[in-house]
Amino acid sequence: MKNYTELANCIRFLSIDAVEKAKSGHPGMPMGMADIATVLFHNFLIHNPKDPTWLLRDRFVLSNGHGSMLLYALLYLTGYKKMTISQIKNFRQLGSLTAGHPEYEPDAGIEITTGPLGQGISNAVGMALALKKFSNEKKLSRTPKVYVFCGDGCLMEGISQEAISIAGHLKLDNLILIYDNNNISIDGSTDLAFSDNTNLRFKSVNWDVHSGKGHDHKNIYNLIKKAQISKNPCLLNFKTTIGYGSPNKSAKASSHGSPLGSDEVKLTRSQLSWNEKPFQIPSNLLKIWRGSANKNQNFYKKTKSISHSNLSNKEIDILFNNIEMDLKDFKSDQATRKSSEAILNYFKGKHPVLGGSADLTGSNNTKGKDMSVIDHLNTDGQYIHYGVREHGMAAIMNGIAATKIYKTYSGTFLSFADYMKPSLRLAALMKIDPIQVFTHDSIGLGEDGPTHQPIEQINMLRLIPNSYVFRPCDLKETILCWREALKINDAPSFICLSRQNLPQISGKKLVSKNFKGAYCISGPKAKNDITIIATGSEVSLAINVAEKIKNNGVIAKVISMPSSSIFEKQSKSFKNNLLKSKLSQTFVIEAGSTMYWNKYTNTENIFGIDAFGASAPGNEVYKKFGLTTKAISSKILMKLK
Ligand SMILES: Cc1ncc(C[n+]2csc(CCOP(=O)(O)OP(=O)(O)O)c2C)c(N)n1
Ligand SMILES: [Mg+2]
């Protein structure tokens with residue numbers, strides 16, 4: 001056996017010194033997990049620091065992201081070019097790769113952004129699924145493994161249950177979760193709030209479970225070895241000591257989230273017989289670390305040139321031109337969720353999308369006719385039944401998207417976007433590209449009532465930086481929105497679709513080549529008295545309003561805005577031109593909260609809903625909130641008097 005203690009101390013002291021220099025950070029977790037990480041990286045993890053984005057590498061996910069220095073130390077020690085010693089010295093400083101919590105940077109070996117506890121475990125499920133599916137498709141000799149570290153906090157978070165439950169159901173045998181069972185979280189002993197029988201919990205959802213001692217290298221080695229041949233996802237529950245090596249702070253919450261302090265650092269150096277200056281790693285140890293990734297070079301050589309098979313943007317354009325041609329003369333009223341289904345049916349295997357729904361497949365219309373279901377026997381499918389696990393689903397999709405192997409989408413009701421928000425935000429932060437299909441996008445859904453009628457959700461989504469919100473008004477716009485969403489590869493997309501039937505109105509007016517998020521759908525392009533902006537199901541309402549007020553001599557230009565996000569990116573002159581009116585009056589109609597639209601007009605010109613909906617047929621609810629042709633046109637005329 002190598003001298004794992006000294007090798008682990010390299011991680012410990014890089015972490016201690018970096019946190020000390022930054023005057024902030026979390027030394028306890030890296031000190032406690034250093035032994036396990038060392039054994040894992042020296043014997044099991046298959047990666048190549050010289051080719052960080054090799055598609056078929058194992059993935060290492062730090063779900064307890066507060067221990068970020070553990071990851072940075074590992075990346076530096078194993079020789080990732082971007083992770084230099086000066087990056088370590090600049091821990092938590094502006095512009096460094098060594099952010100307070102790991103921020104997705106595959107080029108530097110950072111596989112996923114973590115920090116909000118529970119996300120990493122769930123991302124890892126998506127990674128394991130994508131890698132297993134891809135390895136089967138390519139008939140590889142080895143399926144890459146996903147190793148995840150997590151702490152007590154991740155296991156207390158509800159999302160972890162959703163993720164481990166589906167991982168067990170799908171028998172993701174390439175997923176190994178290593179639990180830092182140190183009995184400590186921020187408030188003190190976990191006894192304050194946590195008395196789960198974690199092993200039983202995992203066993204009950206079909207995981208293999210082994211318990212071990214997290215500072216006993218032989219024991220660590222043996223358990224990780226056992227996990228290699230598991231037929232199920234595997235939990236390794238290691239008893240560890242937070243802040244291991246610190247005479248006064250180990251096993252205490254005080255080592256969790258603040259520097260040890262210079263006196264305690266000295267004592268720790270002496271306790272662990274570490275005589276190096278800050279940030280110095282003895283060359284003999286660095287050499288051993290740098291050589292640790294030389295395992296399984298054959299597999300690397302055999303698979304390094306394998307790439308994923310997503311369509312290029314040009315190919316997507318061609319595919320969509322065909323769809324548009326085919327559906328050109330479509331005239332019947334149709335819910336946009338049905339339009340979306342028609343598009344998915346058109347793909348017929350032409351686009352390697354990995355779809356799904358959180359138990360609303362028939363309502364979200366997310367399953368294309370030819371898509372087969374992924375289960376534990378069939379990873380060749382293209383469709384995942386996520387079960388009723390929206391938050392888990394969104395995080396799992398982030399994991400899939402982060403592998404860069406599959407473009408992925410899934411569905412639920414728009415009102416349940418709230419259940420997914422933390423993961424949607426992280427997708428945007430990471431610049432990864434899952435697509436969420438959110439159906440039942442307004443009070444128009446009717447009788448299911450206010451619990452299901454989204455009000456503020458669409459604007460909640462619009463507020464997430466680096467994300468794209470779409471709300472098409474008919475089939476043609478739905479085609480356009482799908483096309484754009486599939487082409488976006490550096491942000492998540494949210495496609496909001498109606499439950500109720502809508503008329504086909506965009507027709508030939510839709511300039512689809514160079515889509516700018518909004519366009520004049522009815523009325524004159526210039527010399528209009530007023531402008532009315534509408535989205536989705538309210539576009540036809542806006543057109544009706546425009547026709548009615550025309551009888552009173554008021555000429556309105558109606559702007560359909562299927563993507564406010566794309567419109568906002570346009571030049572000021574384009575936006576001003578489109579919105580321009582003789583009376584400088586812009587009105588907005590959208591069956592949701594109004595606040596977002598204040599940037600384009602005054603509050604009294606916005607027809608929306610700032611209350612919860614109502615349980616009644618959709619038309620009745622529209623009436624109740626004054627969203628009818630009659631009510632809106634008379635208000636507009638009053639305003640213009
Ligand atoms: C969703 C979420 N809630 C709260 C926090 C703040 N937080 C960071 S670490 C932590 C305690 C975690 O305990 P544990 O996972 O046992 O970490 P350890 O102290 O053992 O390193 C908390 C509450 C967070 N990062 N994410
Ligand atoms: Mg803990």
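Axes here are lines fitted to C-alpha atoms, for helices over the stretch in contact, and angles run from 0 to 180 degrees between N-to-C directions. Helices (H or I, at least four residues) and strands (E, at least two) are DSSP runs, numbered from the N terminus.

This is a predicted model, in which local features need pLDDT of at least 70, side-chain atom pairs count only at pLDDT 80 or more, and totals for chains, interfaces and linings use all residues. Residues are numbered from 1 along each chain as its sequence is written, chains are lettered from A and ligands numbered from 1 in the order in which they are written, and side-chain values use heavy atoms, without hydrogens and water.

**Exercise 1. Helices H1 and H2**

Task: Describe how helix H1 (residues 4-22) and helix H2 (residues 28-43) cross.

Solution: 
- Step 1. The two axes come within 8 Å and cross at roughly 130°.
- Step 2. Therefore H1 is oblique to H2. Angles under 35 degrees count as roughly parallel, over 145 as roughly antiparallel, 65 to 115 as roughly perpendicular and the rest as oblique.
- Step 3. The crossing of H1 past H2 is right-handed. A crossing is right-handed if the near helix is turned clockwise from the far one by less than a right angle, and left-handed if anticlockwise.
- Step 4. Contact means heavy atoms within 4.5 Å. Residues of H1 in the contact include Tyr4, Leu7 and Ile11, and those of H2 include Pro30, Met31 and His42.
- Step 5. Sorted by class, the contact has 10 nonpolar, four polar and two charged residues. Ala, Val, Leu, Ile, Met, Phe, Trp, Tyr, Cys and Pro count as nonpolar, Asp, Glu, Lys and Arg as charged, and the others, Gly among them, as polar.

**Exercise 2. Helix H14 and two partners**

Task: Find the angles at which H14 (residues 336-347) meets H19 (residues 475-487) and H13 (residues 313-327).

Solution: 
- Step 1. Start with H19. Its axis and that of H14 come within 9 Å and cross at roughly 55°. So H14 is oblique to H19.
- Step 2. H14 passes H19 in a right-handed crossing. Thr336, Ser339, Ser340, Ile343, Leu344 and Phe347 of H14 meet Leu475, Thr478, Ile479, Trp482 and Leu486 of H19.
- Step 3. That contact has seven nonpolar, four polar and no charged residues.
- Step 4. Turn to H13. H13 and H14 pack at about 120°, with their axes 11 Å apart. So H13 is oblique to H14.
- Step 5. The crossing of H13 and H14 is right-handed. Leu319, Phe320, Ile323, Asp326 and Leu327 of H13 meet Ile343, Tyr346 and Phe347 of H14.
- Step 6. This contact has seven nonpolar, no polar and one charged residues.

**Exercise 3. The magnesium site**

Task: Which residues coordinate the magnesium ion (ligand 2)?

Solution: 
- Step 1. Donors are N, O and S atoms within 2.8 Å of the metal (3.2 Å for Na, K and Ca); water is not among the atoms, so sites may look incomplete.
- Step 2. The magnesium ion (ligand 2) is coordinated by Asp152 (OD), Asn182 (OD1) and Ile184 (O), at 2.1 to 2.2 Å.
- Step 3. Along the chain, these donors follow the spacing D-x29-N-x1-I.
- Step 4. Buried means under 20% relative accessible area, exposed over 50%, and partly exposed in between (1.4 Å probe, protein chains only). Asn182 counts as buried because its relative accessibility is 10%. Ile184 is also buried, at 13%.
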